[in-house]
Amino acid sequence: MRQPWRFSWWWVVGGAVIALAGAAAIARQSLEQQRALFETDARIVHRLLSQQVVQHDAILATLALLQPAPAAPHTGSPEQRLPALYPRILSVQRSDATTPWTDPGLAEAERLSRQSGRAALAPLDLQSGRYRLVLASEPASYALTIDLQALVPWTEWPMAAETSAVRVELVLAGQHHPIQPGRLQAGSRFAFHKVVAAESQPFDVVATQTVGWRQWPWARMLAWTLAVAALLAAVRHLQRQRMARRRAEELLRLGQVARLNTLGELAAGMAHELNQPLTAVLANTQAAQRLLDDDPPELATARAAMAQAAAQARRAAEVVGRLRRAVERPDSAGQRQSVDAVDAVRRALHLLEPECQRRGVAPALDGAPALDVMADPVALDQIVHNLIVNALQALEQVPAAQRRLTLTLRTVDGLGELAVADNGPGIAPEVLPRLFEPFFSTREGGLGLGLSLCETLASSMGGSLSAANAATGGAVFRLRLPLAGDAA
């Protein structure tokens, strides 16, 4: 099972989701604002047109009530002065018993008006840009011819008719008359329609607007996206700084532990090496003391000198022993606890991530998702850290494109095993038997205590550390530790 150890793509995906969600919210808000403005303008248009057409009923009702008498031909009828007051009224016609309608459409409208008791429309031809409204009364009936375009009170109109994107039409009986052309295109569509407040002229005021891609708030959406990108970059930068600081602190801690353990290994080796000659000195001085006892010349002086040499030798042995006890590592077996080896490997990979990236190595973590072993957590971290560092150093002798590092965790013979395998040059046959000897190193300037210390730590925890060459090339180090469930 391959475990990913880089999570950069999560930042890209998360940032894209946040940016898209914010941009969608901005676009939705912009559309709602444009819709609200459109509906406000459409309601104003409906109110203005309703006011205009209602006046026509009032004018006809006034003419029917007053019934002005026809004037002389050279002065004109009083109702003929209405177009001067209302430019939208093109003409006023009257019909009585002596002058019936000559237009069959007006006669039919008068008949309908008598039936309904209110003004009636003559047959429509909205394409001509005008319509006629007839009110039947006695002794005369009246008809108005109205200009649809002049019907619009442009001084109070809420939109600029020439540039507005809103299309406004009057619709009746399937006929349409555009009052404002607008600019319709593909995109989101807003629609409004409402019949004007005049039963005699039931025109449907229809307003339509489309919002195309050009009307979207691209600048605000881009600004939001850039802000999200900048914020995520800042957060990512701060997180990387914090991770780098933690990594440095952890590496410093491991380095301090490694130095202390190395000092203990060095002191133990020195104590072991010095203890034998000091013991020999002690034995020789004691023998010399016995021989001098048999020699008559200056026996007291010889005995005093040998006694002082023996005392100094004992004192040196005690000093070395005290030094060994002072710097010797505490017994790791007494500090063992249940530790997840997979977590230990992940911690080491996290700490060494910059080193892996610098060498172009992508470690693969295979095997069990969890493996609980009995170990000292600090000692286990140090062993895993050293094994991975050694593998990375070995991979420096391999071309960057071919470098492979695999860490496998599994259970083998009742023990938890971590195998660290690389495809480096491997271990020379003459080096393999001495690999864990103290002070033996194949690296120039190396102390030769790293693997020896790891092997000692593994042994102190009841486990083992071994090395071998892989059949496919490279080296394999296997750390085996008791399973946590088997600890008694």
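In what order do the four strands of the open sheet that includes S5 and S6 run? In this predicted model, the order is S6-S5-S8-S7, and the pairing is antiparallel. Strand S6 (175-180) and strand S7 (188-195) sit at the edges with a single partner strand each, so one side of each goes without a neighbour in the sheet. Going from one strand to the next, the twist averages 25 degrees. Within this sheet, strand S5 (residues 167-172) and strand S8 (residues 204-211) run antiparallel and are held together by five bridges. Glu169 faces Val206 of S8 across this pairing. As a general point, strands of a sheet pair through backbone hydrogen bonds, in either a parallel or an antiparallel way.

There is also an open four-stranded sheet with the order S1-S4-S3-S2, and here too the pairing is antiparallel. Its edges are taken by strand S1 (89-95) and strand S2 (120-121), each of which pairs on one side only. S1 is joined to strand S4 (residues 141-147) by six bridges, the two running antiparallel, and Val92 stands opposite Leu144 in S4. Helix H3 (residues 104-116) packs on this sheet and touches S1, S2, strand S3 (130-135) and S4. The direction of H3 makes about 45 degrees with that of S3.

A closer look at H3 picks out Ser113, which belongs to this helix. Ser113 counts as buried because its relative accessibility is 2%, under the 20% cut-off. Setting aside residues up to four places away in sequence, Ser113 touches Arg118, Ala119, Ala120, Val134, Leu135 and Ala136.

Next comes helix H1 (residues 8-66), where Asp41 is found. Asp41 has a relative accessible area of 14% and is therefore buried, given that the limit for buried is 20%. Once neighbours within four places in sequence are left out, Asp41 is in contact with Pro158 and Met159. Asp41 also lies 9.3 Å from Ala207, C-alpha to C-alpha, although 166 residues separate the two in sequence.

Turning to empty space inside the model, rolling a probe the size of a water molecule over the atoms shows where such space is left. The count comes to two cavities of 30 Å³ or more, and the largest cavity has a volume of about 50 Å³. Ala341, Leu371, Val373, Leu380, Val384, Gly416, Glu417, Leu418, Leu479 and Leu481 line the largest cavity. Of these lining residues, eight are nonpolar, one is polar and one is charged. Helix H8 (377-395), strand S13 (415-422) and strand S15 (475-482) each provide at least two residues of the lining. The largest share, three residues, comes from S13.

The buried residues in H9 include Leu451, Ser452, Leu453, Cys454, Leu457 and Ala458. An α-helix has 3.6 residues a turn, so residues three or four places apart point the same way. Just after H9, Gly462 adopts a positive phi of about 80 degrees.

Definitions and conventions. Residues are numbered from 1 along each chain as its sequence is written. This is a predicted model: local features need pLDDT of at least 70, side-chain atom pairs count only at pLDDT 80 or more; totals for chains, interfaces and linings use all residues. Side-chain values use heavy atoms; hydrogens and water are left out. Two strands pair if DSSP finds at least two bridges between them. Axes are lines fitted to C-alpha atoms, for helices over the stretch in contact, and angles run from 0 to 180 degrees between N-to-C directions. On a 1 Å grid over the protein atoms alone, a cavity is a set of points where a 1.4 Å probe fits but cannot get out, and a pocket is an open set with protein on both sides within 12 Å along at least five of seven lines; lining residues have an atom within 4 Å of a point. Grid points are joined across faces, edges and corners, and a volume is the space filled by probe spheres set on the points. Ala, Val, Leu, Ile, Met, Phe, Trp, Tyr, Cys and Pro count as nonpolar, Asp, Glu, Lys and Arg as charged, and the others, Gly among them, as polar. Contact means heavy atoms within 4.5 Å. Buried means under 20% relative accessible area, exposed over 50%, partly exposed in between (1.4 Å probe, protein chains only).
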